[in-house]
Amino acid sequence: MKKNLVWAAAALAFSLPVSTLQAQAQALELKVADSFPAGHYLVRLMLKPWMDDVTKRTNGAVTFTYYPNQQIGKAADMLRLTQSGVVDIGYIGPSYVSDKMPLSEVAQLPGAFQTSCQGTLAYWKTAREGILAKQEYAPNKIKLLMAVVLPPYQVWTVKSKVETTKDMQGLKLRTTGGAQDLTLRALNAVPVRMAAPDAYESLSRGTMDGLLFPLDSVVSYGLDKLVKHATEGVSFGSFIVAYSINQSVWNKLPDDVKKAMDEASEAITPKACADVDKEGEATKKQMQDEGVSFDPLPEATRAEMKDKLKGVGQEWASGLDSRGKQASAALKEFEGLLAAGGTK
């Protein structure tokens with residue numbers, strides 16, 4: 001009888017898919033880290049739904065331990081921490097590691113798009129299977145899992161309202177560096193490069209006049225308590241929020257887990273950017289009720305600013321081309337994807 005039971009168990013084992021056996025043998029717990037404060041809207045709209053979806057798609061075999069709010073490292077450290085395996089999945093803002101991922105800033109140039117989804121779908125395509133996948137993600141030994149390109153940045157000021165290009169002159173404004181620095185210099189403003197979590201202290205001390213920032217992030221970092229004015233009508237660039245997995249960790253995952261993650265990523269990307277665009281409308285009303293003034297730029301100012309900013313993309317590309325980077329090719333691909341709605 002005992003012998004028959006042994007043979008039955010062996011037969012059952014051989015009849016099960018390999019991936020099922022792997023899931024039974026060892027559950028996977030992955031470490032995820034970022035620099036966002038608790039309750040940040042991008043964690044709520046993108047990261048947590050993605051993690052929940054992966055766990056559901058794998059029938060509970062894959063779970064995540066999440067470390068927010070710079071618990072493991074600052075934003076600028078996340079690429080290194082992900083590469084080294086300290087975390088399995090990290091939030092990597094290309095602007096914070098522009099020496100390692102300079103081409104990704106193609107999605108952060110001024111005037112390129114008007115909504116989060118326009119920028120996100122184009123970036124997603126190039127970073128998963130286009131030039132950025134080959135030139136940025138592969139060499140850094142990471143794989144993009146999900147991303148949102150934020151709605152166009154605006155100028156937020158504490159005291160003076162921006163109505164003309166002259167009003168921009170000499171303003172010290174927070175940027176993420178790279179393309180945003182070029183954007184401000186084209187308007188004779190002074191870029192002050194820093195990560196988002198550090199902006200509140202600098203602004204409250206008066207060492208900056210304002211910020212280049214997206215609407216919802218102003219609230220997430222408590223900056224709505226400090227700023228009084230925001231521009232409308234011109235895109236001053238954007239920022240990429242990208243969660244990526246260590247390539248070695250990815251390579252070792254069972255095929256069914258990879259499939260579950262890919263399906264969850266494809267599902268969350270268009271939904272997250274649409275939610276970001278929609279949520280911005282409610283946030284704007286809330287801020288207006290609290291006394292923040294949204295000031296549409298006069299038509300003449302918009303035309304003048306757009307004229308000054310139209311050369312930023314080529315300046316950015318030429319500078320990187322001279323360093324042996326494929327920036328012009330990346331710019332051409334990204335513009336093509338924007339024109340095709342990210343589906344080219």
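A disulfide is taken here as a pair of cysteine sulfur atoms within 2.5 Å. In this predicted model, the count by that rule comes to one disulfide. The bond joins Cys117 to Cys273, with an S to S distance of 2.1 Å. The angle about the S-S bond is 95°, and the link of Cys117 and Cys273 is right-handed. Distant parts of the chain are connected by this pair: Cys117 lies in helix H5 (residues 116-129) and Cys273 in helix H12, 156 residues apart.

Helix H12 (residues 255-289) also packs against helix H3 (residues 41-57), at an angle of about 155° and with the axes 9 Å apart. Angles over 145 degrees count as roughly antiparallel, and H3 and H12 are therefore roughly antiparallel to each other. The crossing of H3 past H12 is right-handed. Residues of H3 in the contact include Leu42, Leu45, Trp50 and Arg57, and those of H12 include Met261, Glu263, Ile268 and Val276. Sorted by class, the contact of H3 with H12 has 14 nonpolar, one polar and six charged residues.

Strand E9 (residues 229-232) takes part in two pairings, listed below.

| Strands | Sense | Bridges | Residues opposite each other |
|---|---|---|---|
| E5 (residues 154-157) and E9 (residues 229-232) | antiparallel | two | Trp156 and Ala230 |

Terms used
Residues numbered from 1 in each chain as written. Predicted model: local features only at pLDDT ≥ 70, side-chain atom pairs only at ≥ 80, totals over all residues. Heavy atoms only, no water. Pairing = 2+ DSSP bridges. Helix = DSSP H or I, 4+ residues; strand = E, 2+ residues; numbered from the N terminus. Axes fitted to C-alpha atoms, helices over the stretch in contact; angles between N-to-C directions. Parallel < 35°, antiparallel > 145°, perpendicular 65-115°, else oblique. Left-handed = near helix turned anticlockwise from the far one by under 90°. Contact = heavy atoms within 4.5 Å. Nonpolar A, V, L, I, M, F, W, Y, C, P; charged D, E, K, R; others polar.
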